[in-house]
Amino acid sequence: MDLPQIGVSYLNSIPESIVDEFRAAISHPKLDLRSESRENEIYAGSEWFLPTALVVYISKSYFDGFLKEMGKEHYLLLKKALIKLKSRLRDILPIKLTASKGKITKESIYTFSFSIYAEADNDQSFKLLIQKDITDTEYEKIIEAFLNFLSSYNDKTLSQAVLDKLSAGVASSKTILMAYDFKKHDLMTVEVTRA
């Protein structure tokens with residue numbers, strides 16, 4: 001399947017103006033940017049793997065092709081647009097997930113409103129889980145850390161220790177869950193706990 005360099009998938013209950021504003025902030029004639037609305041569906045599986053209300057997807061070709069040609073200016077536009085999304089989604093009613101019985105915890109620490117996926121090697125992807133009830137400054141740290149991580153990952157400049165942690169964090173899933181650790185001031189892989 002031909003993947004866009006940046007994609008946005010969102011529930012049709014989210015105002016289209018939020019997606020339009022994000023698209024306008026990062027659009028470029030040479031950027032393959034696509035968006036699609038979707039119906040709310042019933043999912044089975046761990047809550048952290050379920051699609052959030054709005055998902056931004058960043059492919060490897062964004063880093064490998066588009067950014068190498070366009071330079072860091074667009075990277076800064078993307079970062080600014082992702083930061084602005086938080087305030088735009090703040091007014092959206094809390095998302096209620098529908099999943100198979102026993103799969104949703106009563107009080108998740110991560111939001112179901114927004115997440116970022118990024119294409120990784122070997123048919124895998126990273127999913128950034130974003131904590132609920134964080135300040136704008138904390139949110140900016142999360143976005144900056146994740147984008148810096150993706151840039152280093154795609155430039156092949158991550159340390160071997162980080163690469164080892166990533167491979168250790170992958171079980172049977174093709175999705176590597178990541179979140180920001182405010183105590184360590186760094187990204188971490190998230191282990192899925194099984195009941």
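**Exercise 1. Find which residues lysine 79 touches, leaving out residues up to four places away in sequence, and decide whether lysine 79 is buried or exposed.**

Solution. Not counting residues up to four places away in sequence, lysine 79 touches Ile143, Glu144 and Leu147, where contact means heavy atoms within 4.5 Å. The structure is a predicted model, in which local features need pLDDT of at least 70, side-chain atom pairs count only at pLDDT 80 or more, and totals for chains, interfaces and linings use all residues. Residues are numbered from 1 along each chain as its sequence is written, and side-chain values use heavy atoms, with hydrogens and water left out. Lysine 79 has its place in helix α3, helices (H or I, at least four residues) and strands (E, at least two) being DSSP runs numbered from the N terminus. The relative accessible area of lysine 79 is 19%, so this residue is buried; buried means under 20% relative accessible area, exposed over 50%, and partly exposed in between, with a 1.4 Å probe and protein chains only.

**Exercise 2. Describe how helix α3 packs against α4, and state which classes of residue make the contact.**

Solution. Helix α3 (residues 72-89) and α4 pack at an angle of about 145°, and their axes are 10 Å apart; axes are lines fitted to C-alpha atoms, for helices over the stretch in contact, and angles run from 0 to 180 degrees between N-to-C directions. On the α3 side the contact is made by Lys72, Tyr75, Leu78, Lys79, Leu82, Ile83 and Lys86, and on the α4 side by Asp136, Tyr139, Glu140, Ile143, Glu144, Leu147, Asn148 and Ser151. By class, this contact of α3 with α4 has seven nonpolar, two polar and six charged residues, where Ala, Val, Leu, Ile, Met, Phe, Trp, Tyr, Cys and Pro count as nonpolar, Asp, Glu, Lys and Arg as charged, and the others, Gly among them, as polar. Helix α3 also lies across β1, β3 (54-58) and β4, running at about 170° to β3.

**Exercise 3. Work out the order of the strands in the open sheet, and explain why one side of β2 and of β7 is left without a neighbour.**

Solution. Seven strands form the open sheet, in the order β2-β1-β3-β4-β5-β6-β7, with mixed pairing; two strands pair if DSSP finds at least two bridges between them. Because β2 and β7 (186-189) stand at the edges, each with a single partner strand, one side of each has no neighbour in the sheet. Strand β1 and strand β2 (residues 33-38) pair in the parallel sense over six bridges, and tyrosine 10 stands opposite serine 37 in β2. Strand β4 (residues 114-119) and strand β5 (residues 125-128), by contrast, run antiparallel and are joined by four bridges, with phenylalanine 126 in β5 as the bridge partner of alanine 118.
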